Amino acid sequence: MTLDPALLARLGPLQVRARKVMEGVLTGLHQSPVHGQSVEFAEHKEYAPGDEIKHIDWRAYAKLDKYYVKRFEMETNLRALLVVDGSGSMAYGRGAMTKLQYGAVCAGALAYLLVRQGDQVGLIVAGDADAGSTERLPSGVRSFLPFAASTGHVQEVLRRLDAAVGRGPTDLSGALDFAAEKAGRRGMVVVLSDLFDPTERSLPALKMLRGRRHDVLLLHLLDREEIDFPFDDPTRFLSMEDERQIDAQPRQIRESYLQELRRFLEDTRRELTRADVDYVQIPTDRAPDRVLLELLARREGSA
Amino acid sequence: MGRLVFAHPAYLWGLLALSLPILVHLFNRRRPRPLAFGAIEFVLRSQQRRVRRLRLRQILLLALRCLLIAGVALALSRPSIEPRGAQASVARGPQATALVVDASLSMRYRRGSQTLFGRARSEALAALERLGPDEPATVALCAGNPAPLPAPGFDRVAVRNVLEDAKPTYLGSDLTGCLAAAARALGESPVAGKRIVAFTDLAAHSLRLDAPPPLVPPPPGAPPGTQPVRPNVVLVDAAQGSELPNAAVVATAVQPAASLGARGYDVIATVANHSAAAIAGLPVALRIGQQTLAKGFVDVPAHGTAKKTLGAVLPPGTVAGRVEIARAEGEGLDEDDAQEFTVEVPRDLRVLVVDGAPSALRTRDEAFFVEAALAPARTGGRVAPTVLDAEAAINAPLDGYDVILLLDVIAPPKAFSEKLRALVSHRGVGLFISLGDHVEPDAYNDSLGDLLPRPLHLIKTAADPSGKADARGADQAARFGVVEWTHPLFRVFSAADREGLLGARTFKYALLRPDPSGGSRALLSYDDGAPALVEGQHGQGRVLLYTSTVSHAWTDWPVRVSFLPVLQQSVSWLAGSLEERAPLPSQVGNERTVVAPQGTRIAAVIGPGGSPLPLRREKASPQAQDSVSVPAPQPGLYRVQLQPLGGAVRDEPALGFVTRLDPKESDLRRVDEAELKAQLGGAGSAQVASSAQAAEGARGTPLWGSLLLLGVLALLGEGALTRR
């Protein structure tokens, strides 16, 4: 079964949508992608205060009379930070879902999947700060949720995603800097954005993240109308992030627009690929579960 | 540069439609639907790349649409550029138009394969086609006296037919009068604009620069006090501004030339050269029928005339001839290169001289001086005298003589008198009676009776004829006192020669009784008042009575020089040949009256083309002579055919006449255009152009064609731009 965006949009709250997507992904996977919970022994380590008591190898204690703690692969579990672009342009989408909504579904599903396999998940919603927010966050970060791996945490992630509204200018670089700071050791950073950033600082920030040895995955969200530019009538195009506007005859500028867009996408893909950033371009009219499934399958294959 | 004028200015309101594309342009700018768009950055970049081109395109589109509307609106208003200085004397817009085509002789001038008239007619037809549907038109051919024009109307077919059937005439023209007539006709049209378009050669002779300009009278029903308006006058120059050199035979005179013999004549042709270059060696020929009798050459100065005399011996009777010049150029006016003439060459006269006092001594013979005067050497052989004595004459046949002279004849017997009376009265034979010693007045009165202009009374002796040599006798002799110098008998005497006649002395002469009928006239009288020479008419014949002798028995006149011409003239006059003069030529276009001799009627008058002309009879009473008036539209010889009562129709050469062209028409010198315009009311209402279209161009270079083309181009451009 494929969850196309129109159907998904009718499913109600984000939790339900994200869960459905996750289930769809899981159904599609013949083998559990979860490795964190494997119990493969890695090594013994002499017990030190602070270690989990449940990990003390009592057999070794019986033999050696020393406390040794078993260390498993599980302990090398992922810390995944989801960075969702909450700028104004992400609110675009005249179809079933806006790019932000689509991104939220994808991020929610990923959070489910990650937590389900024991990984820790954090969330950053990039964008200007909420007016009534008491959190002290740096510029470009509207909302931050630290890493955790509990189911309740996932609910919180979903709640935050659901509350995200696309507005204000894009300042993805600020959010990514903040992510680099919070991600700590090598982790995974999943960025969901349209990269419509007039400051052009997003790509350097992404490359910087990758430079810090994080596994960076960019889900580049684009609306179908942004890809095809199907307008005919004279249109006054209004910027969703600032006051800019322009009157244009779409028929007259379509060719030129498509050229500009193609060049932007190719430049972006080339630069990020060169920087070893995992780049996936996702039109928001595609079924999110299929997208995630393909993504996971591809990463599985490359792992 | 001139100023812009519009034939239909109301259409200029159409320019308001210019607001439409402007509104559409502005509306299009405001109409775009707003759309909050995420990828506006790329729209911006695209738009920036194209914005300059787009703006240019939009401005171009707006301009093309405005041009389309403005072009159509302006074209409908029919704008034209009027030359500087020109101004309309009447409202623009439709104009009642009178087309005046000069059809005078000078328009027959040939240039290349076309005459000026042919070109003028083509121009007039083209001008008629160009008239607007709301412009009434009328047409007139200008030749001869100006005639009233029909009122302008919309029956184009009728006007076109008049133009297509028009032919040039041989008449002169009064273009000034024709323009005035056209202006009067325009007054009958209610259309405000008035225009006269005249197609002419602009020859100075057809235009009177001192005449008032043509004025259109107010239309019927106009309020009192309405002033006449000045029409627009366009003179289309059929000669297209070029000079029209021409040579012509403008006059022909015929006079006897004694050096060429009895019937020798000099034909004097006057040749005019109406050009700026002198003509040398222009061939001139004299023709009678198909025969060329004389040829010569003449040099004619520029803008001058020259006379050429061509001598020829002509046959007796009425002779119709023609003088021709032969021009080398292919162009010019052919019709005036020849001129016809007629001349009456006196016929030979047979004269019977009845000698009443013959003498063996020649000088004493009564007929001696008469014979000498009528000798062939003196009359050129025209007179053939036969001298008989009285007895022989009484028995001789008298038929065939034109004149009979009774010189000092004893009163003839009654039979002879009756024969004479019949000849004189019915055959028109002339009778000359002179007196002498054989004449007994009473017997004469009895014998000749009413043949004598006045009865004889008695013989008066003024002085002794035998003593005429002495001075006293000479003083007492009678002299001629009163002479009818204007009579044909004495017309030959110049003022200097008259003394010779008045010096003659008469010693003896007859006195006459009063004339009971009053039909006689004394042509010559003595100084005592007694008549010396009396004329009388008897039936068809004439009688002259000389009251003295034609020998030197009673007078010394016969030995004087003045006797000779008087006797010769008397014989001619009695034979009627002095009056046998060809009728004077008349001018083409003038009606000619022809009077038939008593007892005949005019059957036909044949024109130069060989066809009979329409006759208008003017016979007032059955007794009056037949008289007809005929038109003479062509130059040349007109023959007259007579029909005697109960007889057959015959040609009467003596009544034939010649018509000649108006010599003014041969001079095609152009009128001064500036003066002409001034006469017609100035450049504001008059202009001269080489073609009607050029005139329209000068009056208003039409712009609507270009404007329409501009509009179409704008439409195509707009279509091409909007499709892209």
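Q: pLDDT is the predictor's confidence in each residue, from 0 to 100, so what is its mean in chain A?
A: The mean pLDDT of chain A is 82, and 84% of its residues reach 70 or more. The model is predicted: local features need pLDDT of at least 70, side-chain atom pairs count only at pLDDT 80 or more, and totals for chains, interfaces and linings use all residues. Residues are numbered from 1 along each chain as its sequence is written, chains are lettered from A and ligands numbered from 1 in the order in which they are written, and side-chain values use heavy atoms, without hydrogens and water.

Q: Which elements of chain A have the lowest and highest mean pLDDT?
A: Helix H1(A), residues 5-9, has the lowest at 66, and helix H8(A), residues 224-228, has the highest at 92. Helices (H or I, at least four residues) and strands (E, at least two) are DSSP runs, numbered from the N terminus. Over residues 30-38 of chain A the pLDDT is below 50. Beyond near neighbours in sequence, that stretch has 14 contacts in the model, a contact being heavy atoms within 4.5 Å.

Q: OK, chain B. How many helices and strands?
A: Chain B has 16 helices and 37 strands. Of its 724 residues, 48% are buried (under 20% relative accessible area; exposed is over 50%, partly exposed in between; 1.4 Å probe, protein chains only).

Q: Which way do the residues of strand E36(B) point?
A: Ala686(B) and Val688(B) point one way, Gln687(B) and Ala689(B) the other, and all are buried. In a regular strand the side chains alternate between the two faces of the sheet.

Q: What sense does E36(B) pair in with strand E9(B)?
A: Parallel, over four bridges; strands pair if DSSP finds at least two bridges between them. Val233(B) of the chain stands opposite Ala686(B).

Q: New topic: how many residues are in contact between the two chains?
A: 32 residues of chain A are in contact with 22 residues of chain B. Ile246(A), Gln252(A) and Glu260(A) supply 21% of the area that chain A buries against chain B, more than any other three residues. Together the chains bury about 2,600 Å², 62% of it on carbon and sulfur atoms. Buried area is the accessible area (1.4 Å probe) that two parts lose on being put together, summed over both.

Q: How many salt bridges between them?
A: Three. One of them joins Arg33(B) and Asp233(A), at 3.5 Å, N to O. The cut-off is a side-chain nitrogen of Lys or Arg within 4 Å of a carboxyl oxygen of Asp or Glu.
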